Amino acid sequence: MIRVAGLTRQYGDFRAVDDITFTVLPGEVLGLVGPNGAGKTTTLRCLAGIIAPSQGTVMVGEHDVQRDPVGAKRALAFIPDEPHLFEHLTVEEHLRFIGRLYGVADVDARIAPLLEEFELTAKRRALSTELSRGMKQKLAIACGLLHDPSVLILDEPLTGLDPGGMRKMRATIAARARAGAAVILSSHLLTLVEELCSALFVIREGRCVAAGTIAEIVRTRPALAGLSLEEQFMALTAGDGATPGE
Amino acid sequence: MIATFAYLIVTTARNQVRARVARLRDPRYAVAMLLGLGYLWFLYIRPSTGRPSGLSLDGAVGGTLLPLGTLLLVAWTWLFGADRGALAFSQAEVTMLFTAPVTRRGLVLYKIARTQLAILTTSIVWTLVFRQGHTPAAALTHIVGYWALLSTLNLNRLGVALVRTSAGAHGLRGIGRNWIPIAMVLAALGIVTAALMAGLPRMMAAESPAQAMNAVAATLSAGHSRWVLLPFRWLAAPLVTPPGLPWIAAMGPSLLLLLLMATWVLRTDAAFEEAAVQASAERAQRVDAMGSRRGTVTAPVSGRSWSLPLAPTGAPAVALLWKNAMWIVRTGQLWGLLAPPVIAAACLAVAGSGSPRVAGVLGIGCAVLAIAMLLLGPTSVRNDLRSELLHLSVLKTYPLRGRDVVMAEVGSGALPLAGMQYLLLLVALVAWGLASDDAPDTMVRWAIAIGIPLLLVGLNGAVFMIHNGIALLFPGWVRLGPTAGPGVETLGLGMITLFFSLVVFGALLLGPGLGAAAVVALLRERLALAVVLGASTAGVLLLGETLLCARLLGRALDRVEPMAVGS
């Protein structure tokens, strides 16, 4: 479970994230959506402990990300849109490295199925520089999943994947949620969000403009009824400061 | 199209200058800029009354060595040099220009034009460095002279790369185009070498370097080598001719060569785009590799079949040590560290046992290298925070405390270097015993061998901690990966960093030094024991200081954000 309360992140006078609050329970998939520059990546980076919030708290299970960052990070995985890999390590060595970092005792038993799941078995001895963009992304995702995180934070996870890879990735995310992980998914692919997410959290200019299931959002904003997801997104994130139904 | 290229080049340069000026709002960069300017003024610009003139291109040096050096550069480019790297564009240029309605010649023209600013800057710097131009007119003529020379050499490099590409694209016909200039270059080299060989007795008979230089000049000014070197003398002439009409006359042939070279390059028929795109991709990959991992090291990654073992459980920070050790193994730097002591030991085994003098020289060499590596090692072994900070956003997702990360990163560089120094000192100790009857007895040499490992780890730990600390606390002062830009303030920052490092290192040595001295004083009757315990005490105290620093820096690492270090 991840609980976010009053999260604010300020850069000088600019509030990139402004007082947002939400909870993602085990098994839930929260879709974090918003236009470019809305504050999604800043939010995700705060949740992952990469940057510190100016105000507010982030709890991963019982661990406060600010007060007990090591405990919190052990329970979560953050998979950015751009895979950052080590050029001098092979695919398998990346997984061993992550295994040691997270203290995965049965790393040997976990590596083979993960490589199989992400179709990397044939590349297990390849250096990361020898991988295609999509394979790099798959390896980054495999590294994130190796320690079986209870909170999974994904920033545009399908970037660079081929259609087959996208399909598998969707299945993987769903499977992890079914297995009890709390998942936060940021993506501009609204179909992906619609397919996977049990709830949406829409932000614009750092603030929450809508939260809940699509049905709940539509219930509070009747003007959205009958619109496609894309039209609903456009309406919710329009820059005039007003949203339908408000 | 020329106007478009000019716009791109000028606006890029203007924005780079603006960014650099904006950086000066930060006081540390402003101070560094002043220091850098002061350094340049002191060394190269201040009035030279009563000072030696320093490097000079006047006389035989400029008239003989410069044309000869230019010939060698051109020959090198034709024989080994200009690879496709000369054709490389930035990824943005490939994306924007190669897809735009620009002709091949237009792209080559842009490539030539883009280098002009860098060439002009280099010309100004060289004019300062060689202290040419005590008057504004003389300075200007030298700047123009360097510009013409460097532009011609640059065009030659680009042209050779195009010709080689053409050879690849046109098969035998292309190879035919390629071997004729190579044969000409080889012939020119042969003529000059033969002339130098013939004049060797005269040069050897010279009683001073100046006489030897004059002998070289006389040799190369006669016979066929005179004609071979003529175009290179034309290129060098503006640099050795005083301002005024003679200089204008000297510029004529130089500019003519430049024009001919530019015409040749622009008319070269080559499968330019494909080669340029490939070269650009290779360059981008190299830059990305340097940025993503390891600073200056560009050695090919190798030896993947061999891996260091890593237990799945235990202290998590060991994973970072392991990862950085893998870098040392796979970039070949391990062999670079092992080679000096191994070669020294082999030399000692072969020649040292029979010759005390050789053993002495080897021993001193090893000891000096070991000490030098303490200060110089961290500039080449950078598998620590100085590289890792570029990926701080990844590092911060790891379930590690800041101090553990700092210790692992510091250990990644300090331990391999300490190992190398230890091996060097072992060779030095053996050599010492072979070289001199006055060497301390075997017991003391054993004591040194036993006592210094801890000391070396402590010393290297302290040095690497300083380098990592500066990178973490003042990321703008050091080069993180390949991001360092040129500029006067960079020079000043380097000076400040060096000064700061030495002061901190001195302060860190104070306590351990006193501790070791106290131990040695107490045990002076038992020298061997005093050496072991004295060195170990200093090592332990240094490690204690390093651990303390790691705690402090760990807090800083926990607080620092990726944006602050450009990650």
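**Strand pairing and the chain contact**

Modeller: Val60(A) has His63(A), in E5(A), as its bridge partner. This is a predicted model, in which local features need pLDDT of at least 70 and side-chain atom pairs count only at pLDDT 80 or more, whereas totals for chains, interfaces and linings use all residues. Residues are numbered from 1 along each chain as its sequence is written, and chains are lettered from A and ligands numbered from 1 in the order in which they are written.

Strand E5 (residues 63–64) of chain A is joined to E4(A) by 2 bridges in the antiparallel sense, where two strands pair if DSSP finds at least two bridges between them. Together E4(A) and E5(A) make a hairpin with 2 residues between them, and Gly61(A), in the turn, has a positive phi of about 60°. Strand E4 (residues 55–60) of chain A also runs antiparallel to strand E1 (residues 2–11) of chain A, with 5 bridges between them, and Arg3(A) stands opposite Met59(A) of E4(A).

Turning to the neighbour, 28 residues of chain A are in contact with 29 residues of chain B, contact meaning that the C-beta atoms of two residues, placed from the backbone, lie within 7 Å. On the chain B side, two or more residues come from each of helix H13 (272–294), helix H14 (317–330) and helix H18 (392–395), and H14(B) gives the most, with 7 residues. Helices (H or I, at least four residues) and strands (E, at least two) are DSSP runs, numbered from the N terminus.
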